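Could you look over this structure with me and set down, point by point, what can be read from it? I would welcome a careful account.

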Amino acid sequence: MTGLGRRDIIKAGVALGAGDANLKQNFDKGSLEAIGGSPEQLGKLARSDSEKYQRLVKELNISAG
């Protein structure tokens, strides 16, 4: 083990991936945008998206069955 924590290793891997030209090209084809950020920022975005879609499901009366 290198002494790096799991969070540091994941963060470094994501940073490398975000800078990869082939990966960026594939994201562009799929209308995705690779951006950097902290795990905390990702958590905040995920919570915000979850709340938004939860409201939409309720307002549009969408059900799984």
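This is a predicted model: local features need pLDDT of at least 70, side-chain atom pairs count only at pLDDT 80 or more; totals for chains, interfaces and linings use all residues.

The points below go from the overall model to particular residues.

1. Among the elements of the chain, helix α2 (residues 21-29) has the lowest mean pLDDT, at 74, while α3 has the highest, at 91.

2. Overall architecture. The secondary structure of the protein chain consists of three helices and zero strands, and the order of elements from the N terminus is α-α-α. The radius of gyration is 17 Å, well over the 11 Å that the globule rule gives for 65 residues, so the chain is more spread out than a compact globule. Along its principal axes the C-alpha trace spans about 50 × 30 × 20 Å.

3. Surface and burial. Of the 65 residues of the protein chain, 3% count as buried. The accessible surface of the chain comes to about 6,000 Å², and carbon and sulfur atoms account for 56% of that area.

4. Helix α3. This helix covers residues 39-59, and its length can be checked against its geometry: at 1.5 Å a residue, its 21 residues should span 30 Å, and the C-alpha atoms at its ends are 30 Å apart, so the two values agree.

5. The salt bridge. The structure holds one salt bridge, in which the side chains of Asp49 and Lys52 meet at 3.9 Å, N to O. Because Asp49 and Lys52 are three residues apart in helix α3, about one helical turn separates them. In general, an α-helix has 3.6 residues a turn, so residues three or four places apart point the same way, and side chains of opposite charge can pair when their charged atoms come close. Both partners are partly exposed, since the relative accessible area of Asp49 is 29% and that of Lys52 is 35%, values that lie between the 20% and 50% cut-offs.

6. The nonpolar patch. Which residues form a nonpolar patch on the surface? They are Tyr53, Leu56, Val57, Leu60 and Ile62, which together have about 470 Å² of accessible area.

7. Asn61. In the segment after α3 lies Asn61, a residue that is not a glycine and yet has a positive phi of about 55 degrees. This deserves a remark because, in general, most residues other than glycine have a negative phi. Asn61 is also exposed, because its relative accessible area of 69% is over the 50% cut-off.

8. Gly19 and Gly36. The loop between α1 (6-18) and α2 contains Gly19, which counts as exposed at 64% relative accessibility. Although Gly19 and Gly36 are 17 residues apart along the chain, their C-alpha atoms are separated by 9.4 Å.

Key: Residues are numbered from 1 along each chain as its sequence is written. Side-chain values use heavy atoms; hydrogens and water are left out. Patches are made of residues with over 30% relative accessible area and no salt bridge: like charges are joined within 9 Å, nonpolar side chains (Val, Leu, Ile, Met, Phe, Trp, Tyr) within 5 Å. Accessible areas come from the Shrake-Rupley method with a 1.4 Å probe; for residues, only the protein chains shown count as cover. A salt bridge is a side-chain nitrogen of Lys or Arg within 4 Å of a carboxyl oxygen of Asp or Glu. Helices (H or I, at least four residues) and strands (E, at least two) are DSSP runs, numbered from the N terminus. The expected span of a helix is 1.5 Å times one less than its number of residues. The radius of gyration is taken over C-alpha atoms; the globule rule is 2.2 Å times the number of residues to the power 0.38. Buried means under 20% relative accessible area, exposed over 50%, partly exposed in between (1.4 Å probe, protein chains only). pLDDT is the predictor's confidence in each residue, from 0 to 100.
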